[in-house]
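Thank you all for coming; I would like to walk you through one structure this morning, slowly and in order.

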Amino acid sequence: MELTREQQALLDGAKGPTMAKVMKTLVQYGEVFGAEKMVPVTGEYGHLVLSFGLTFLGPVFDLYQKLIDEGCLSGQKFTCDPRPYDKNVPQNPLQKTVAKAVFGKQARYEKQLEKLGLLNEDSYTCTCYLDEIGNTPKEGDVLSWAESSAVVYANSVLGARCNRNSGIIELFGSVAGYVPYFGFLTDEGRRADWIVELKTSKLPDAQILGSAIGMKVMEDVPYVKGLDKYLGTELTDEAKTYLKDFGAATASNGAVGLYHIENLTPEAKAQGEALIRENAKVYVIDDAELQRVKDGYPCVWKDLNAKPKMCFLGCPHMTLEQLTDWTQKIEAALKEAGNDKVLVPTVFTTSQGVLKKFNQTVYAGRLAKTGVIVSCICPLMFMDNPLWQHEPVITSSNKLRTYTTARFYDNAEILNIITKEGK
Amino acid sequence: MKEFKGRVIAAGEVTAEAVVTRQGFNTLASMQMMFIQSKTKCVDQSNPDIYKKILMGKALCLPQTIGSTTGGMFLYSAVQSGKAPACLLFSKEIDSLAAAGAVLADVWSENAKMPTIDKLGDEFLEYVQDGDTITVKPDGTVIVDR
């Protein structure tokens, strides 16, 4: 790899041995993918995936302490994924005790984050790119982010340029100020390997469509035709909300870091089919294919007929539109069923920024009356408490389903269960 | 016995028993309970190839890793905690998350190492089976013995 004089100096130890190792890691990582140079990070803010003080991630916290002790701090402020627990989310005393043990390094880690460059106290969310949070990159910005759902959104919907960096690597990029130039940072790396032809009878559930595409194309770039028929050709709030959930499912059920939606996402609008590689493979998705994918999701509950003890919605964190929309749907469904409150303890997760706005609307009080709790935690990390692994939890998030024992239902099924059936 | 040659991502020499996944290895989904409960078994319910199988100390044979961008960080911590697979053997080109884990372990671990080889080819993953004895050489040679 060819380095500039300044980059070479960092590698040679001009700013100390720890910074030299940071650069060595980035160079070695880039060389695996044939990167010939390092380029400056141009996005205003970073985003970190590690937000939880999981006791057994001690080696990571030790490494971060080394960075702090030797002054290797992030050159840019950053946002960070959500915290793992919240006293407002119902847990029994034993579950609370275990959570404190599992996430025993939370306080230490949050202090580290402040020293390393956390933007502010409201920065803990996986949807940092929403207007309410303010970490919204511009088209063409080079980023050093991790968090699969945020990276795929930044690349696809915002047109920023970011590789699927791992935790630690993303912080190293922000510390050094450079990232290796390969993959999604290059024009060639952003071309599509797959054409996805959507032939469904209606707008598919974003979570299932994303899951189907992720499992099929894995780490490749899909170019999706036919979705603009339902989402339109402008990135409205509704379209962006759909793409948030769609992208998270492609990234967690597969390893998608960038997708193009014909006539909708920025590069697809600008370049059209010129983005598609020669000999791109074709994946046709119809109603039957989506049903096949959904029917294939395993469920590891010991009792498949168990009454759900918790319902989580909001992985990734909900938008303001989703919170208001769900409020109205739940109210209507409860009224229809003759119930006052949800029949399954239900938690909606969202960012502090969105929650503050939501609390200024009439919907906040109305949602509270239905019994739904709104929290800013990461439900995925919350369920890493081993005592929750054996509890029947339901969700309409394909990401949460993938990483935990939560059982997947689509949004219509979830609404029915929490308002009418209770099971 | 069959010999394969791949590209060295992190060099090392090791002999271990194979555990094989022919679908993408979801690092977070597979390894998260290993850290929380000190269990070494894979807990990814979506991967029938390796669900409930022991990964620690094994030669993990895989096409690539998928899923959360915590992947490299978890692999690094696994190496540092002595809970990692003995080596990672990729049939395809390594993905960015696994590469991060392998490089982080290579640069920042004083003693523990996790030899990592990629581009071993589809034939490697078609041939290798659970329980095979795998020997990895520093030059990227992988010997499968059964």
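How many residues of domain 1 of chain A are in contact with domain 3 of chain A? Before I answer, please keep in mind that this is a predicted model, in which local features need pLDDT of at least 70 and side-chain atom pairs count only at pLDDT 80 or more, while totals for chains, interfaces and linings use all residues. Residues are numbered from 1 along each chain as its sequence is written, and chains are lettered from A and ligands numbered from 1 in the order in which they are written.

Chain A is assigned domain 1 (5–185), domain 2 (190–295) and domain 3 (310–421), with bounds that come from an automatic or database domain assignment. To answer the question, 25 residues of domain 1 of chain A are in contact with 24 residues of domain 3 of chain A, where contact is taken to be C-beta atoms, placed from the backbone, within 7 Å. On the domain 1 side, the largest share, five residues, comes from helix H4 (residues 93–102) of chain A; helices here are DSSP runs (H or I, at least four residues), numbered from the N terminus. That side of domain 1 has 14 nonpolar, six polar and five charged residues, with Ala, Val, Leu, Ile, Met, Phe, Trp, Tyr, Cys and Pro counted as nonpolar, Asp, Glu, Lys and Arg as charged, and the others, Gly among them, as polar. As for the C-alpha centres of domain 1 and domain 3 of chain A, they lie 28 Å apart.

Let me turn to the two chains. Here 39 residues of chain A are in contact with 35 residues of chain B. On the chain A side, helix H2 (17–32), helix H3 (58–69), helix H6 (148–156) and helix H18 (398–403) each supply at least two residues, and the largest share, six residues, comes from H2(A). By class, this side of chain A has 21 nonpolar, 12 polar and six charged residues.

Finally, a pair of helices: the axes of helix H8 (residues 206–217) and helix H10 (residues 237–253) of chain A come within 7 Å and cross at roughly 35 degrees, the axes being lines fitted to C-alpha atoms over the stretch in contact, with angles that run from 0 to 180 degrees between N-to-C directions. Among the residues of H8(A) that meet H10(A) are Leu209(A), Gly210(A) and Ile213(A), and by class this contact has nine nonpolar, seven polar and one charged residues.

Definitions and conventions: Contact = placed C-beta atoms within 7 Å.
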